[in-house]
Amino acid sequence: MSERKPSPFRTLFEADVATLIQAADDVYQIRFKNRAANAYLVRGSKRTIMIDVGLSTNYPSLVACLDHLGVTPAMIDMVVLSHEHLDHIGAAYHLHGSAYIAAHRLAANKIMLRDDFSMLRKMFNEPNAPIDVDIWLEEGNLIDLGNFRLNVMYTPGHTSACISLFDQDKGLLFAADTLMPGGVMGGVFGSGSIADYIQSLERLKGLNSKILLSGHGRLSDTPQDDVRIALQRSHALLEDTAQLFDALDARSNFEPIMQSVRDLNKLDD
């Protein structure tokens with residue numbers, strides 16, 4: 001078996017919980033060593049943003065990585081949340097007040113209503129701290145940092161509220177849990193859909209992306225290979241799902257539910 005080629009991305013700083021890696025000029029990955037998602041710092045000529053921030057318990061390690069770059073939390077203008085899961089957004093409340101918090105409108109609604117089931121609070125045992133979303137994003141919005149221009153792409157599938165950010169000129173694709181290195185998929189959670197996932201991957205396939213900056217795992221300089229493999233896996237998953245429904249015989253499983261509905265309707269007679 002051939003070994004993976006050495007990473008072209010340079011490690012700048014390493015702590016007990018997090019590693020700071022340079023993805024491109026003025027773009028940095030903060031990769032946590034526990035279940036937290038990756039966080040990204042993008043230093044633009046006009047403004048500085050973070051894309052996802054990890055779990056709240058990792059906040060001191062996040063600050064340590066930023067400090068290595070000479071960046072304080074007060075210097076961050078905006079935090080963009082890729083979707084509602086707390087492994088991506090848990091630390092956002094630490095930054096609210098000094099930075100604008102932005103998310104897709106569907107994610108913003110879940111976050112501000114504290115939809116614990118959708119946010120996976122029990123899974124990550126995060127504090128029930130309010131996270132206010134200041135900016136509700138939509139497909140086609142542009143986040144202009146001066147030397148970076150990040151297009152907001154609505155890419156549902158993992159959840160109903162996922163977004164990706166893409167800088168066309170630089171080929172930077174921040175895909176969160178929609179696409180990960182090696183074609184790994186982020187899974188389909190409660191509000192998600194494998195069909196939506198496939199459509200989102202097809203959209204990512206059509207981009208001239210050069211670097212994949214995903215929600216988990218390493219950076220990748222082979223995003224076209226990654227998305228091709230992910231599409232193969234998602235189609236296989238869709239086929240497996242169809243076979244499962246055939247095996248369950250949906251009509252016989254839904255008949256007791258329909259009978260209950262009919263019984264309830266009789267109460268009005």
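Tutor: Ground rule for ring pairs: rings of Phe, Tyr and Trp (its six-membered ring) pair if their centres lie within 6.5 Å; planes under 30 degrees apart are stacked, over 60 edge-to-face, the rest tilted.
Student: And what are we looking at?
Tutor: A predicted model, where local features need pLDDT of at least 70, side-chain atom pairs count only at pLDDT 80 or more, and totals for chains, interfaces and linings use all residues. Residues are numbered from 1 along each chain as its sequence is written, and side-chain values use heavy atoms, with hydrogens and water left out.
Student: OK. How many aromatic pairs are in the whole structure?
Tutor: The search finds one. Tyr40 and Phe174 make an edge-to-face pair, 5.6 Å centre to centre, with 80 degrees between the planes.
Student: Which parts does the pair tie together?
Tutor: Tyr40 is in strand 4 (residues 39-43) and Phe174 in strand 12 (residues 172-176), so the pair links parts 134 residues apart in sequence. Strands here are DSSP runs of E, at least two residues; helices are runs of H or I, at least four; both are numbered from the N terminus.
Student: Is Tyr40 buried or exposed?
Tutor: Buried, at 2% relative accessible area. Phe174 is buried too, at 3%. The cut-offs: buried is under 20%, exposed over 50%, partly exposed in between, with a 1.4 Å probe and protein chains only.
Student: What stands opposite Phe174 in strand 13?
Tutor: Leu213. Strands 12 and 13 run parallel, joined by four bridges. Two strands pair if DSSP finds at least two bridges between them.
Student: What's the strand order in that open sheet?
Tutor: It goes 9-10-11-12-13, five strands with mixed pairing. Strand 9 (142-144) and strand 13 (211-214) are the edges, each pairing on one side only.
Student: Which helix packs on the sheet?
Tutor: Helix 7 (residues 194-205), touching strand 10 (149-154), strand 11 (163-167) and strand 12. Its direction makes about 150 degrees with that of strand 10. Contact means heavy atoms within 4.5 Å. Axes are lines fitted to C-alpha atoms, for helices over the stretch in contact, and angles run from 0 to 180 degrees between N-to-C directions.
Student: New topic. What does Glu14 touch?
Tutor: Thr19 and Lys33, leaving out residues up to four places away in sequence. Glu14 is in strand 1 (residues 10-14).
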